[in-house]
Every structure is written in structure tokens, then in C-alpha cells.
Amino acid sequence: MAENVRSFHGPLSERVRDQTVACCQGLSGRLLDVGCGNGLLFDALLPGSTLHGIGVDRSFELLSDAVRRLDGRIGCVRGLIHQLPFRDGSFDIVTCLNTLLNLPSLDAVTGALGEMMRVCRPSGRVIVDIRNARNPYIRARYWWHRRTPSFPTVAYRLDEIAAVLQSGGFTVETADPIGMTGAWMAWGYVIVARRTSPNPSRSLPFPLLRKEREGEGRGEDG
Ligand SMILES: C[S@@+](CC[C@H](N)C(=O)[O-])C[C@H]1O[C@@H](n2cnc3c(N)ncnc32)[C@H](O)[C@@H]1O
């Protein structure tokens, strides 16, 4: 675990969490952090906030670390990103940070976003980040990462993620660039989306190949 946790502190990962904390200022209610790892988002988010935090991750070890470090101030649940163990519309805010980059394909991301939209309340927000596939450096670096099975990372374009959210009835409210600004320069984006169509996302097809589900997300930073 030690090596993974060190990678969670990469500069990009830190900026993504900081930007998300800024997006959550003034919000209240129940916040679910999907792929919460050892709970680093909550370190910055909880002080002075009325948000009630719950983290879900597939790693028992990382969840245990989160419970220990945060002294029981959040709820932790073991679960998978494609089968979130919560009822429809259970959360006011659903975040997923530094994690979509570890899923193997846009299909897998589509399935994960479908689950996040399902558990989000009709008036709630989904906040996710992506690494920017339009940035040539990120594209080249992640292409190289994908050649080494132990360190898979995938970058996506903002428009393809916006289209997935749109098909689930959500509209991108803000997309804040991380690092530099400009479509070709941004290292990534923190995307805030809100439901604008009443159609529940579960009625839409979110294809996911079983082999991708089995091989997904090894929990590395990019
Ligand atoms: C790079 S870490 C990011 C952790 C945290 N969000 C942060 O920013 O510090 C990715 C996390 O996603 C979790 N993860 C990856 N695939 C997952 C899946 N299919 N279901 C649940 N958790 C998953 C990993 O266990 C890991 O904790």
C-alpha cells in the first residue's frame, strides 16, 4: 500500500482535490467519494464543513487507513465503482477523483459515471476529474504507461465525458482546467455536472465488458 499512497500525493492529484474542495464550498448534505482511497479528499474538505462524508473503495487496506486517520469522521464502505452499494438518489454530491484515469476504457468510465449519476439526488452534483487527452504530453506519457501493465493510465477528452454525462441527463456546469488553461495545454479538468433531465441514467445502456471490469483500476496516479 505504501507505494500507492505515495503516488496519491502527486502534484496533479493534489490540485484535483484542492479544486474539488473549492467547488464544494458552501454545499451541504451527504457527499459520496467514489474510489476514496485513504480519504485524502476528506482531510481538506471536512474542517469547517457541514458535509457528511462517505467513502467507497474496493481496497479494504486503504479504507482502514482512512478510518484510522480520520478518526471515524467519515463512513467507509467497501464496494466497486460499477456496482455502488447504495440506493438511487442517496447523495447530494458524488465525487470521483484521480480514479477515472485508472479505468481501462471509455466504456468502463461510462459505466462508472452511470452508477454515480444513479446514486446522485435529482438536484445533486457529480464532480469528477479527467486527465486531458488533448494535451500532447499527457497523451504521450499515458500511451507509454499503458504499455506497462503495472501502471495503466488513460486520458480522456472533455467533450467525450460531457457527452456521457449528457446521455445520463446531466449537464456540465463547470470544467476547471488543472495546471494550465487551454484545450491543448490543460493537464486535466475538474468537471461539475448537474442533472438537467429527469430521465434516470439507469434506463440508458452503459456497456461494460466483463474482462474490463475484472482488469480495471489498479489505483495508481498519473
Ligand atoms: C489513484 S487512487 C485515488 C484515491 C483518492 N480518490 C485520492 O484522490 O486520493 C484510485 C483509487 O481508486 C480505487 N479504485 C480503483 N478501481 C476501483 C474500482 N473498480 N472500484 C472501487 N475502487 C476502485 C483504488 O483502490 C484507489 O484507492
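The model is a predicted one, in which local features need pLDDT of at least 70 and side-chain atom pairs count only at pLDDT 80 or more, while totals for chains, interfaces and linings use all residues. Residues are numbered from 1 along each chain as its sequence is written.

Strand S2 (residues 52-57) and S3 (residues 75-78) run parallel and are joined by 4 bridges; two strands count as paired if DSSP finds at least two bridges between them, and helices (H or I, at least four residues) and strands (E, at least two) are DSSP runs numbered from the N terminus. Between S2 and S3 the chain passes through helix H4 (residues 60-69) in a right-handed β-α-β crossover, a term for a path from the first strand over the helix to the second that runs clockwise when the strands point away from the viewer.

These strands belong to an open sheet of 7 strands with mixed pairing, ordered S3-S2-S1-S4-S5-S7-S6, and its edge strands, S3 and S6 (170-178), each pair on one side only.

Turning to the helices, the axes of H5 (residues 106-119) and H7 (residues 158-167) come within 10 Å and cross at roughly 40°, where axes are lines fitted to C-alpha atoms, for helices over the stretch in contact, and angles run from 0 to 180 degrees between N-to-C directions. H5 is therefore oblique to H7, since angles under 35 degrees count as roughly parallel, over 145 as roughly antiparallel, 65 to 115 as roughly perpendicular and the rest as oblique. Residues in contact (C-beta atoms, placed from the backbone, within 7 Å) include Leu106 and Val109 of H5 and Val164 of H7.

Conventions: Contact = placed C-beta atoms within 7 Å.
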